[in-house]
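I opened my notebook to look over a new model.

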Amino acid sequence: MSLLEKINKLDRRYIYLLAWIFVLFPLLNPLGLPIPISQDARTWYNYVENEIHDGDVVLFTPMYGVSGMPELFPMTVATMKHLLTKDVTLIVVSFWTEGPLVFNILLTQVDPADYGYVYGEDWIRLGYVPGSETAMGSFGASIHNTVTADYVERRPLSSFPMMDDIQTGEDIDVIVSFETGTPGTPEWMRQFQAPFGTNQITGCIGVSVSGMIPYVNSGQLKALMPGLTVSAEYEILLDKPGLAVAGVDAVSTSHLYVTLLVILGNIAYFMTREED
Amino acid sequence: MVDIAVWTAVFFTLGIYSILYRENPWYRIAESVYLGVAVGYAVGQDLKYIRDQWGGQWSSSGGMMLAFFIVMVIGVLWYARFNKNLFYLYRWPLAIVVGTGIGMALKTVIFSQFLDQIISQANTPFFVAGDLVQTINNILVQIMVPSVLLYFWFTGEIRDSPPMKVVERIARYTMMAGFGSAYGYTVLTRYSLFIGRSQFLLGIPPNPADARMAFYVIAFIMLASMIGYDLFMKKETPEE
Amino acid sequence: MSDVLRRIEIPIALTIIATLLQVIPYYFEIPALESTANTASNAVLIIVACATFVGVISILQVHGKRIQRQTEGWYYSLLVIGFTVIMSVTGLPIPEIGLSVNNTVYNWLFTNVQTPLGSTMYSILAFFITSAAFRAFRARNLESSIVLVAGTIMVMGNAPLITNYLPFIADIALWIRSYPNMATMRGVMIGAALGSIALAVRTLMGIERGYLRGGGEE
């Protein structure tokens with residue numbers, strides 16, 4: 001069997017082993033590869049910096065569970081840190097079962113109190129609301145009826161003066177959503193953007209990016225954070241390198257590996273086809 | 001001192017990855033535990049929501065309490081699916097949930113996914129003064145989007161007409177490029193998830209440092225057991 | 001009486017009422033109807049939450065049978081049932097006896113078992129996608145070549161190592177995303193929107209009954 005035929009018929013476990021090496025090596029020995037800043041990162045940064053104003057009511061929604069954490073958690077942490085430098089009213093809610101637990105983990109990295117935010121006055125957690133799009137619609141129609149008590153102190157929302165003027169989706173200025181699938185941006189568009197005209201920025205996993213582009217193109221989505229690489233660029237813009245920057249070397253080497261495999265596979269295919 | 005929590009997490013992580021070598025008992029253990037924990041997890045979250053709802057508007061008056069009772073009775077009807085004679089009752093809560101979901105989506109889908117997209121498409125100018133590249137791009141969009149739509153709408157004999165053959169070709173090439181783009185982002189997502197797990201296994205901050213030792217030890221044990229078993233079986237059943 | 005209750009028209013009527021209850025208040029300002037619709041949507045959330053034990057019972061049925069018959073791998077079913085019961089019981093909302101979503105065991109299992117398992121399950125696809133890229137991603141004809149080239153450029157465009165030294169790759173990747181991909185997804189989105197409206201109308205007319213199937217009767 002020629003070398004090319006051997007390559008064509010390579011046991012897939014060697015491919016897996018090389019994938020491990022291409023990912024583990026830069027994590028063990030950081031390469032410090034340069035990270036050019038893309039337009040996506042700049043648009044996201046500029047929107048949070050310049051379009052979200054002091055006094056705005058921001059709905060912060062981690063719409064993902066543990067499966068999405070590696071890709072979405074870094075951008076969630078970085079955006080939270082960015083928002084906390086402003087004087088906004090932050091409402092944290094999730095329509096994914098594991099959302100509250102993801103936010104618990106976020107609080108071990110970012111404490112709003114360090115930025116002068118007081119729970120119950122400047123920010124509030126509403127926990128998880130089951131029901132997917134129905135829950136989002138219900139939430140937009142009446143926040144106080146959909147979520148009866150806050151997640152932390154278990155007090156009625158009406159006992160928080162900050163919630164007096166926040167009754168429906170009309171009172172939300174911006175939605176900052178991090179999501180891995182359904183419910184997600186299409187549901188937000190239907191239940192908040194269409195009826196209330198609420199502005200929205202979305203951070204999503206790479207798999208969801210294709211479906212978001214029409215919303216970006218039409219202006220329905222003001223900014224999009226597509227995956228780990230752009231999260232790393234955003235961390236650099238914020239001058240707060242974190243989880244994403246730590247992992248982006250491995251993104252580079254793994255993607256280089258996939259590219260080389262595709263090229264090699266096609267070369268082997270064409271050369272063996274010619275021999276036949 | 002061994003941190004049981006970290007070693008447990010590493011064990012289950014490597015248990016799943018062990019499938020990359022071949023099907024094996026480590027993987028089956030991890031898979032079985034995952035199924036059990038995932039199903040049980042949602043129970044707590046859902047029941048907490050019901051209890052919280054009772055503490056809100058539903059206990060505010062006699063009428064609302066009665067309504068809550070009726071809602072709970074309808075909710076119990078889900079379990080009629082497990083009885084052949086009472087299966088028809090299962091359709092009632094299903095019908096209400098499906099109907100509400102359809103209504104929620106139907107009222108605004110025409111705006112967010114239809115009108116807004118068409119308006120954006122119509123507002124794309126054919127000609128952009130002083131920018132040839134953007135002009136070409138806009139013309140391409142004005143050709144590609146209708147082609148894709150027509151490709152989905154018109155099927156059957158009409159596809160054989162010469163104009164539709166051209167439209168079909170443009171649509172297929174457009175969609176192939178789109179799917180290629182989707183593939184590229186899929187690779188990013190999957191590798192990002194793998195990198196996240198690798199950072200945990202290597203104990204890279206903020207992950208616990210203990211994880212690295214656990215990774216080396218447990219990986220060695222799992223690999224040694226699987227490779228050792230394979231070598232043993234090879235000896236027992238020599239190839240013909 | 002039972003025959004009347006079995007009629008398929010009842011769930012169809014419920015579907016129609018539930019749908020119209022959400023749609024009509026959006027287009028017509030009728031305060032009483034709007035308030036009813038809000039209460040109804042809150043009620044539906046409770047109904048959805050009530051279904052939480054369906055999965056648990058299904059698991060117990062399937063894996064219970066395996067244990068009973070001692071079929072191949074039945075001992076794994078013991079693990080499934082064991083962990084289902086532990087998570088379900090510790091998560092019950094009875095804080096008075098220490099059970100709730102804040103229960104130590106519940107949170108420990110979530111953090112140290114479910115979190116790593118869930119993340120790893122999805123991450124393993126990275127290997128399969130790599131193997132598929134090597135073995136199946138071939139430029140056999142023009143269409144597959146377009147997918148191959150677009151996909152490879154996209155992969156390279158997401159790697160800072162490549163885009164830093166070959167910035168034109170990032171520009172091409174952005175072009176593919178913003179134009180052919182956008183055109184594809186816009187076409188799919190509009191088509192899907194029309195399809196969902198058609199499906200909703202069929203459901204409202206009682207023609208679409210797929211969601212009501214099952215149970216060995218119509």
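My entries follow, from domains to strands to chain contacts.

**Ground rules.** This is a predicted model, where local features need pLDDT of at least 70, side-chain atom pairs count only at pLDDT 80 or more, and totals for chains, interfaces and linings use all residues. Residues are numbered from 1 along each chain as its sequence is written, while chains are lettered from A and ligands numbered from 1 in the order in which they are written.

**Domains.** I looked up how chain A is divided. The bounds come from an automatic or database domain assignment. Domain 1 of chain A covers 3–30 + 251–275, and domain 2 covers 39–241. I read 39 Å between their centres, taken over C-alpha atoms.

Helices (H or I, at least four residues) and strands (E, at least two) are DSSP runs, numbered from the N terminus.

I looked for pairing, which takes at least two DSSP bridges between two strands. β4(A), residues 174–179, runs parallel to β5(A), with 6 bridges. S177(A) has T202(A) as its bridge partner. From β4(A) the chain passes through helix α8(A), residues 185–196, to β5(A) in a right-handed β-α-β crossover. Right-handed means a clockwise path from the first strand over the helix to the second, with the strands pointing away from the viewer. β6(A), residues 223–226, is also parallel to β5(A), with 4 bridges. There C204(A) stands opposite P226(A).

**Chains C and A.** Which element of chain C gives the most to the side that touches chain A? I first noted that 42 residues of chain C are in contact with 44 of chain A (contact: C-beta atoms, placed from the backbone, within 7 Å). α10(C) gives the most, with 9 residues. That side of chain C has 23 nonpolar, 15 polar and 4 charged residues. Ala, Val, Leu, Ile, Met, Phe, Trp, Tyr, Cys and Pro count as nonpolar, Asp, Glu, Lys and Arg as charged, and the others, Gly among them, as polar.

Note on methods:
Two residues are in contact if their C-beta atoms, placed from the backbone, lie within 7 Å.
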